[in-house]
Every structure is written in C-alpha cells, then in structure tokens.
Amino acid sequence: MARCVTVIDESMMNNRIYVSFHHWPWSVDVEDESASATDDGIELLYYGSPVVSVTAGTQVFLSTRYEKFVPLGPSFLDGTEVYETPHGVLSKKSRSQGEMMILSQGSRKKIAIEAKGAKHRTTRDGISESPMAVEVLRWSQFFDDLLDDKTIKATQSGKIPWIKVLRFLETQRSELQKPRLSLIVRIAEAMHYKLPKTVSGMRRILLRERSQQRISRICETDDRCLQWYVRQPGTNMAEKGGGRQELLAVVRRESFDVLENRVLKDFLFRCDLESKRYITNEVEINPNFVGSKRGKDVRRFREICTTSLKNRDFEAVPKAGAIVRPNYVLQNDLRYKEIWKWYCRLLRRAEEKDRFWDWQSRTWADIVRLLMNLSIVYLEGMGAPKRGVNIRRVLGSSLHVTREQVLGSRTRGGCEPGPFVVERCNNGKAQALAILEVVHPDEAYKHSIVKNLGRTGGHLYLVVRPLADSQVKSDVMIVWGVNSAGTNNQVPWEDVSGSATRALLFHRNVLAGARITNLPKLHGLVANSVLDSEGADVVCEESDAPIVVIPSDPLRWYDVVEYFAVLLSNWLEKRL
C-alpha cells in the first residue's frame, strides 16, 4: 500500500511545479486513498518520517522560521529532489503554523498540511511536555553526553573514533537503573558548592550620584555641586544649608545591577525551571528513582537556586536580555566564567528545543545511521571466526559530532567507517570476496553505484561489490529510518514492508529503463522507532525489505547494535 499524494500547483503550471507528499520515502508511484489534496492544502494520516518530492529548481522552506529544507540524497534522473518533512509542520495545532513554502523561479506558494495522528509537543493541558517531546530531548542529550564523556576525550572539532563510540554505548546500559544523566545534573554536580558562594559575594559597583546631604557628612563635591552652592543665599555654609542644614554633594551608592549579575539571576531562574522539569520527567516517573543520588542532587540544587533568587541584592537586578555579549568579567573572572559556560549551554538547549522537535525525523535518521555503522564496527571487532563471514577494516575513520544541531542533525556525512573487506573463513583460512562500503546520502552523488538512488529516500546505503567476478552484480542495502514513535496511529508493519518491497522493484525497473550501467541488486531495511519498546525485533523477516522495530530509548541502543550485527551478518552470508 503506497501512501502518497501529489499536488499540481495550477498557479505555477507554466513552471511545471509538482509537489508529491509521501508517508514513506519509497512510496512514489501510487496515489494513497487515505491522503487528499485540496485547494487549501493536504490532509493525510501520519505514520512517521514523510518526505516531499519536488521538481528540479524548486526550493522548500518551513514557513514559521523560513528554514530551507535539506535534500535527502542526490537528485533523481529527471532532476526530482527528495526532502524530509519536519515534524513541526505536521503536529501544529494551528493550520497557519502547519505550512511549508514552495519557491520556484520567483513564484511562491504556501501549502498547509494537516497530518492526522501526528503527536503534539505538549499534553492535553497545553503546558506539560508530552512523552515524545521528552524523548526527543533525550536524543539530543545523548550526543551531548558523547562529547562530554571524559573517557572519550573528543577532539575540538567533535571527532570520536568509532570504537570509543561503541564502548560508550555499551556503558549506557548500566544507566537503566538510574535517572538519566542530563545537562542539569552536570550543572548541579559542578555548581552545588560554588553557586552559593558566588551569590553571597556578588560583584557590586559604586555609583556617583548628587543628592542633598547633611553638612557634617559631606565628603566630596564637583563642579555642578559648587555651581549650585554659589546660587544659594547666604554667606557661609551654615546659612546656605538653610533650616535642614543640607547641601548638594556627591555620594556613592552601592549597586548590584551589572551584566554579570543579570546573567547570574537568569541562570538561577533557568536552572530552577530545568530542575523542576528533570524531577517531573526523569525522577518522579519511577518510584525507585526518588531516592537516587541524581534525584537528590537536583532537588538540593533547586533549593539552592530558589533560595538564592530570594536574595535581597537581586531585587534591583533585572534578568539578562535576549542577546548577551559577554563582558570582561564573564570571560575572565573565575566565578562568573564558569557560570557563563553553563549559561550558554542552557541557552543553546532552550533555543534548540523547537528545532529538535520540528526536525526530529532527521535526528532519528542520524540515530539509525549511527546504530547501523556501529553494528559494522561491532562485527569487525569480533575477529575472524573459524567458519563464516568476517569483516576486515581497510581504512579508519571517526564519527564527527557537532555541538549545535543543523535542522535536527548532530552528525556530519562522510565520516562513516570503512571501507571493509568481506572475507569467508574456512578452518582459519580467509578468502577475500567483496568490498563493503557505507555511503551517507549527502555523499551519495560521488559514488558510482548509489548516485542514481536518490529518489528512494535512503538514509544510508550499504554497498557490497564482489572482487573475483566482474560479471556478478553488486548488492545495495538501502536503510530507511522511520520515526514511527511520532504517530498516534497504529502502523501497519506488513503494509510498510510491502510498500518498500514494491518500491525497490519500481526503482530497479526505472533504472533499467534508463539503461544505467552496473545496475545493482536492491535490498531494503526499515528501522522504525517505537516509544515504549524495550528491545529490537524484526518484522516481515523474509521480505526484501524487513522492518526492525527499535526502542527510542538511548539506553537500549547497544542491544540494537548487536541485533543489527546479527541481521547484517546473515545478509552477507546470503549474498556471498
């Protein structure tokens, strides 16, 4: 059952603008009865990670923030581009917010999308974060933890050897019995003792002001005070002071209203809110976590923040504005320098919440690529068996993780492991049979075999090229990551697998009709996220496009890597 709807924009017919909206990346050939296109926009049932196909020369934008969609792989033979659709478009309660903008040759068109079943960011009260929103933040936190782990020691550019990433993922299994390690936990551990001392010893400045002062208490005057003094009636200070015996003088007033204290106040306020969120979403959900060390640390830290905000010295200090340029104190003072570092992390997290929610399908695609790459590293680390298939690395590489997201993505293409030599072992003797290459869609246009597979919408390509016989065709496994955790609808697994299988045949026939040389055998693997799943499982295993159900919880991903490794090993056994 293919699930797609095509819109032909009548106002742009001279430019031949076609917009095809697909539930799944591979559904490009058959119209879906559950989806409909109207003059006002598109209505469809949502099942996770839809894409948009548009004609060449067309640009697609997210209307709310004017963010340009990123192409998913190289363009197709006829120039058609495939773009991933942000979840934020699909889960908006307001129709005006659920829009994407199409630009082509100076023409502009907004298309409203109503996706039935897409999960919302908040619960019914409209205030509390939904379980899916909490899970998306955990995905982002996973990459932060990866960069911050002291045993890994990532480079300044965020490059981490793949084997260290695998070991880190293995250590995460022990975190299942604890509340999650998040940014506020790290702040609480680092600032628990330092923050009260900083608040009690806040920097202050002396302001010079002019006011009426008792004659006996005057310590300083200036030109303006003397000019005022001369204008007063009388011949001496006593006469000029009048009945109250006061003269205009310069006084110094103590003030705490400086930039570093504004940042400190805003930092306390944000830490208080983040601590409350952590206690609600991470600690109180499990009775066993209430007495945990992390839970106690965050509660204690929240009390420190609440008490500190009641300090009278903060009464005349406003919170920092939206844009803060650090001054000398924030950059060099030992106390405020550390607060500024954590404050920037909190600001970045707050700013990126919206983007991670909107582009969560791209984040999930990142995760699927990560897990599949790690499964190959896992197989390579097992060593050569006495009998069976062995993977031997030819060249090394490192995972490149970014501090800031780019439309939901935290990793860079082109850092995939390999290539690898695939060998068949027999009684200790290894015979090289093929080369295994892992190709990111952003780099697919450079690859001779997968450069024509862009319209399949694959999130990763595993290419197996035989060494011995040039007449034997190469095999390509197209890996799709589908964020089905983002839907309230029941996902029909058999329909998904059947749609993907038919799409593989469809694309192969199209490529054959275009007389593409070195046409490979196409295979598929669909990796679906499930919010409450505790382990990986395979559905429709005998299909050309089996489905692997993956828990969305990062703490369970090492088991997924092992599961992927078994599937990949079995697939290579059948191919070679």
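Start by selecting α3 (162-171) and helix α12 (residues 360-381): they pack at an angle of about 105 degrees, with their axes 10 Å apart. Axes here are lines fitted to C-alpha atoms, for helices over the stretch in contact, and angles run from 0 to 180 degrees between N-to-C directions. That makes α3 roughly perpendicular to α12, the word covering angles of 65 to 115 degrees. Helices (H or I, at least four residues) and strands (E, at least two) are DSSP runs, numbered from the N terminus.

Before you click on: this is a predicted model, where local features need pLDDT of at least 70 and side-chain atom pairs count only at pLDDT 80 or more, while totals for chains, interfaces and linings use all residues. Residues are numbered from 1 along each chain as its sequence is written, and side-chain values use heavy atoms, with hydrogens and water left out.

On α3 pick W162, I163, V165, L166 and L169; on α12 pick L370, L371, N373, L374, V377 and Y378. Contact means heavy atoms within 4.5 Å. The residues of this contact divide into 10 nonpolar, one polar and no charged.

Next, hop to S182, in the loop between α3 and α4 (183-191). S182 counts as buried because its relative accessibility is 8%; buried means under 20% relative accessible area, exposed over 50%, partly exposed in between (1.4 Å probe, protein chains only). Leaving aside residues up to four places away in sequence, S182 touches Q141 and Y278.

Jump to strand β5 (residues 51-54). V51 and S53 point one way, V52 and V54 the other, and all are buried. Look for V51 opposite E84. Two strands pair if DSSP finds at least two bridges between them.

Last stop: the open sheet of eight strands, ordered β14-β17-β18-β19-β20-β21-β23-β22, with mixed pairing. Its edge strands are β14 (387-393) and β22 (537-539), each pairing on one side only. On average, neighbouring strands are turned by 25 degrees against each other, direction ignored. Zoom in on β19 (residues 460-466) and β20 (residues 475-482), antiparallel over five bridges, with V463 opposite V476. Then bring up helix α13 (residues 493-513), which packs on the sheet, touching β20, β21 (521-530), β22 and β23 (547-551).

Terms used: Parallel < 35°, antiparallel > 145°, perpendicular 65-115°, else oblique. Nonpolar A, V, L, I, M, F, W, Y, C, P; charged D, E, K, R; others polar.
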